[in-house]
Structure formats: structure tokens, C-alpha cells
Amino acid sequence: MILIQQLKLRVPHEEKEIKAKAAKALLLGENEILDVEILRCSLDARKKPEIFAIYAVEVKVSGEKRILDRALKNKRAKEQFSLSTRVKYQFPEKNGNLCNDIDEQSRPVIVGAGPAGLFCAYYLALAGLRPLLFERGKCVDERQQDVERFWNTGKLDPNSNVQFGEGGAGTFSDGKLNTLVKDKDGRNRAVLETFVKFGAKKSILYDAKPHLGTDELSKIVCNLRNEILRLGGEIRFESQVTDFVIQSGKLEGIVINGTEKLACEFLVLAIGHSARDTFFTLLEKGIPMEAKPFAVGFRVEHPQKMINESQYGMPDPGPLGAAPYKVTAKASNGRGVYSFCMCPGGYVVNASSEEGRLAVNGMSYSGRDGKNANSAVIVSVTPEDYPGEGPLSGIRFQRELEERAYELGNGTIPVQRYGEYRKDGSGENARTMRSDEESNIDVNASESILPQCKGAFTWADLRSLLPEECRKAFIEGMGQFGRQIKGFDREDCILSGVESRTSSPVRILRDENFSSKIQGIFPCGEGAGYAGGITSAAMDGLRVGEELLKRLTNS
Ligand SMILES: Cc1cc2nc3c(=O)[nH]c(=O)nc-3n(C[C@H](O)[C@H](O)[C@H](O)COP(=O)(O)OP(=O)(O)OC[C@H]3O[C@@H](n4cnc5c(N)ncnc54)[C@H](O)[C@@H]3O)c2cc1C
């Protein structure tokens, strides 16, 4: 296949125009192009509102070498044309003997049905290893009801919420699938192809910023689960692994829901970044782990129209969809400040999982048609910032922030306008806008912003929420972002607190063969500190699956 990069087409255009453009670039007639596969599409908005799509495509032609040599005669073409060297990821095939030989104790056990656990289970099920997966939360449909009830009534189910349940943390999200993880073995595309196989739109395979939206993601998770079951896997919901039986440095078994014992030799720990009770149990059991840096801050909301204007040069970008953004800055105290998990046309969600503690995150539906754009604007923190010592000091840090947020919002999401937040002093002379004052703002004026939250919110004074060092860095960062995107630091943009679950504050140590020092335990995914995001967690699930298949087939 010939790889053609930098194929530029004005937006909007028809898909068939891509083939015509590729043929023209190779000095061929359209009918000489046997097949075209889009590998990547990114947008070029430097001449906004004129927007261009930049494609990388793989083209099948007969007489490939002759045509490529001719194309490469043009000096400037060296960058644009080459032979495709794309690596296709190989999923395992069912190994009949293996299925029969494997005894119950050697059956791989997976804890957690997030992207890491599900993709690990899918990989092992394809190989015929009948994986057994335990998930403390409920299946996605029942979970959806629990989450809606929590957002509508504030009644939290500590085991079935935005963090816990089938599909994992990212199920109620924008379902962004991009990752910075470099992967020469094709796992990234294999994860995206698997999402397409179970119902995702094909464009995620080549969009530079692929996303699913929470409505699509839930369906895809169901289809993937049913395939794992069809292949002989087993998934048990409302089954929390509450203890680990370890003898002389080797795993012997686990305990489920405090009572049921199960002997097992191979355990994948794909528990996510919010399984705090499980982290404390693992620490007691002597599983080596360490505190790791992460970041905290606020969800920040702006009118989506303002972002569209800034990114695409038009308030309504039509087929382009709501515009995303990414901003980064360095504060004078050396801390990084950056936007994270940006949700175009999205909502701020109450993503709490513990009573008396409040954390926020963001989500969008596949249409991304909400009024506001939001992202987490977060400040980097390190173990030096955490209270006390030890691998779980970061969890203590998170809990303190979330307790403060819970108090400030009286159990609902505390929100404040940025103009108020950046006023000096820690609350003495600053004043919280009374709700009637709030109503003085002409809410119908197109530019006034109102919180778009899933879960109740309360106007509050957030200035004492973050440690002062982080607050200073946050305000400096907002100032710099205001120079990158006009209006980013406007007085009336809205902050919601606290964004504390940006990644895991812990790393469960593993060696180059993905094994903990405790034999039989394989830390995996975001919670273990080896991934950040849906796709990278799924890719880590595949890697650990490959390792277990190797060990179970001694290959
Ligand atoms: C609201 C929100 C929006 C997000 N948006 C995006 C996005 O748009 N794009 C993106 O890439 N990432 C997003 N993320 C982050 C992404 O969801 C995570 O990075 C990813 O889900 C990590 O996958 P994981 O499988 O490692 O862990 P998780 O998805 O956290 O899954 C862990 C699972 O383990 C279960 N579990 C924990 N302890 C136990 C136990 N003891 N016994 C049994 N089961 C247990 C949990 O219930 C959970 O279901 C978002 C996260 C949130 C919360």
C-alpha cells in the first residue's frame, strides 16, 4: 500500500473527493485507485473561518513500485509519499487444547470492568482462557439509573456511581479516545477497531480527536461484555474483591464481598483510580506501591459559541461540530497548569464516589450540543504537597479537598464566577454573589453563562478550596490562557470544584513482565498508575492479557 500524507481538502467536502485527490496526487485516474483507507484526519484552522481537513490515506494500486518511484521524482514529494509500514495487531485465536487443559485455579481472574479489565478479559476470552471478571458495581443499564438518581436526588450508591460499575470511570464521559501513548505494535488502532466492531462510528479510526459520547459508549460496553460471555468468559457484577490471600510472597486466592473465598493464581488488578478502600487493603497486604504526582483544580465553563469563534472563526461550525481546545502554561512557582478532559458542548458532572466528599468531572453526549464548553483546568501536584507520608498520602490529599468541596456546596457542586474567585484575600473581604444578585445578570444576554451541571450546584466561595500555591498557579494559568483564547479568563466564566480525580495518586509497582513482587498479581490500567484515559487503559489491558497468555501457554 502507498501511504499519502498531507492530503488537503477544504471543509466541507464529500468522502469521494478524498479518492479523487489521492488519484490526482499520484498522477492517476480515479479508476486506477483500487482501494483507499483513511488513516488520519486532522483539521487546519490557521486560515479560519476557512477550515481544511488534512488526511493521511493508504492507497492500493497495481504497479505500486513504479507509481511510487514516479511520485517521488518530485523532490518536495519525499515527505508526502511512502510505502505504508503499518503494523496490524494480532488478537489471539482460540486454542482448543488450552481451553480444556486450564483448571479452575489457573483461570485468569480480573478485578474491575473498566477499559483495562474489559480489554484484558476480551483478549483472554479470544484465546479461550475463560477469564473470570469481578466488578463491584452494577451492569451499565442499572448503573445508569443509579447515576441519574444521584444527580437528581443526591442519593449516592458508593458502589454504583460515575466511578464504579460496568465500563469503568469513563462511561459517563465525553468518551474521548485520543491518547499520547506511542504504540509501534498497533494496539491503539486495535482498541479503536474493537470499539467499531462493537458499535462505534468508523470515523474514530482516523479522527485526530476521536470521541464517542456517553450515550454511544454505554451501548458499546454492553456489546463487548456480551462477546466476552459468548467466548466463555464470566462477569460477576456487585462483586467487590475485598481481600487477598497471600502466602510467602505468592497469591493464593481472593475474597469477594467479604465472605466468598476463591483460589486463584493469576489476578489482574484493573481497579481504577478511585478504589481507595482496595488500595488500603493492598497496602496492608504488603503489595508494593508508591505515591505518584497528579493534578488538581476546577472544571471551567465558557459559552461553546465563544470557543467555536476562537478555534474556527465562526460561532456555529455546523458539520465540524463543537470546537475543542487545549491550553497549557507554566506558573511562576514552577507548577504546570493545563486544560484536561475538555468536553465540547458538555456538562460538569458530580463524579463523587464517597459520602461527604465531592469531586467533579465532565461529560458530553455524542452530539456535543450543550450550551457550554468545559474542561478541567488543573495544577500539577507532587507527593511533597500531600499530607503525611506513605504511598497513599495522595489519597489523603484528595479526600481533604473533596471534603472541603462538599462543605462549601452543602453536598452539592460548589460553583463560583472566576471574577469573584481571583479577588484577593481568602474570603474576608470577598463576597459571595447572592442568588438574587445572580439574577441581576441578564441570563438572556447571549454571552452570560449559567452552570450546565449533572447534579445540583450551589454558588459558593471557592477561594479556600485549593492550597494557596495551587490557587496562585491556577490564576496565573487562567491569565495566560486568556491570551491564547480570547475571553478564557473572563469575569463570568464559571468554576466548579473540585477536580481531584485526574489520574491515580498511586502506582502499584510492577516489573517489565507486568508482575508485582507478589507473585500472581498483575497491576493494570489507570488505577495501578500505568495509563491515563480510556484508550491507554484498554491498551494496557491488552499488554497484560498478552503476558498472561504467554505464562499460561508457557510460550
Ligand atoms: C466523568 C469522567 C469522564 C472521563 N472522560 C474521559 C474521556 O473522555 N476520555 C478518556 O480517555 N478518559 C476519560 N476519563 C478517564 C477514564 O475513564 C479512565 O482513564 C479509564 O476509565 C481508566 O480505566 P481503568 O480500566 O484503568 O479503570 P476504571 O475505568 O476506573 O475501572 C475500574 C473498575 O474497577 C472496579 N473496581 C474497583 N475496585 C474494585 C474491587 N475491589 N472489586 C471489584 N471491582 C472493583 C470499579 O468499579 C471500576 O468499574 C474520564 C473519567 C471520568 C470519571
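The points below describe the overall dimensions, sheets and helices of this predicted model.

1. Basis. Numbering starts from 1 along each chain as its sequence is written, and side-chain values use heavy atoms, with hydrogens and water left out. Because the model is predicted, local features need pLDDT of at least 70 and side-chain atom pairs count only at pLDDT 80 or more, while totals for chains, interfaces and linings use all residues.

2. Overall dimensions. The protein has 14 helices and 24 strands; these are DSSP runs numbered from the N terminus, helices being H or I of at least four residues and strands E of at least two. With a radius of gyration of 25 Å, close to the 24 Å that the globule rule gives for 555 residues, the protein is as compact as a globular protein of that length. That radius is taken over C-alpha atoms, and the rule is 2.2 Å times the number of residues to the power 0.38. The C-alpha trace spans about 75 × 65 × 40 Å along its principal axes.

3. Of the 555 residues, 56% count as buried (under 20% relative accessible area; exposed is over 50% and partly exposed in between, with a 1.4 Å probe and protein chains only). Among contacts (heavy atoms within 4.5 Å) with a separation of 6 or more, 73% come from residues 24 or more positions apart.

4. An open sheet of 7 strands has the order 14-15-18-13-22-19-21, with mixed pairing; two strands pair if DSSP finds at least two bridges between them. Its edge strands, strand 14 (328-330) and strand 21 (457-459), each pair on one side only. The twist averages 30° from one strand to the next. Strand 21 runs parallel to strand 19 (residues 413-417) and is joined to it by 3 bridges; Ile 413 has Phe 457 of strand 21 as its bridge partner.

5. Helices across the sheet strands. Helix 9 (residues 304-312) lies across strand 13 (294-303), strand 15 (336-343) and strand 18 (372-381), and runs at about 95° to strand 13. Helix 10 (residues 393-408) lies across strands 13, 18, 19 and 22, running at about 35° to strand 13. For these angles, axes are lines fitted to C-alpha atoms, for helices over the stretch in contact, and values run from 0 to 180 degrees between N-to-C directions.

6. Strand 3 (residues 52-60) is mostly covered, with 8 of its 9 residues buried. Strand 1 (residues 2-10) runs antiparallel to strand 3 and is joined to it by 7 bridges, with Lys 8 opposite Ile 54. Strand 2 (residues 35-44) is also antiparallel to strand 3, through 9 bridges, and Asp 44 is the bridge partner of Phe 52.

7. Helix 7. This helix (residues 214-230) has 17 residues and reaches 25 Å from first C-alpha to last, close to the 24 Å expected at 1.5 Å a residue (1.5 Å times one less than the number of residues). Its buried residues include Leu 217, Val 221 and Leu 224. Elements packed against the buried residues of helix 7 include helix 4 (115-126), helix 5 (140-153) and helix 14. Gly 232, with a positive phi near 105°, follows helix 7.

8. Helix 14. Residues 534-552 form this helix of 19 residues, which reaches 27 Å, close to the 27 Å expected. It is largely enclosed by the rest of the structure, because 17 of its 19 residues are buried.
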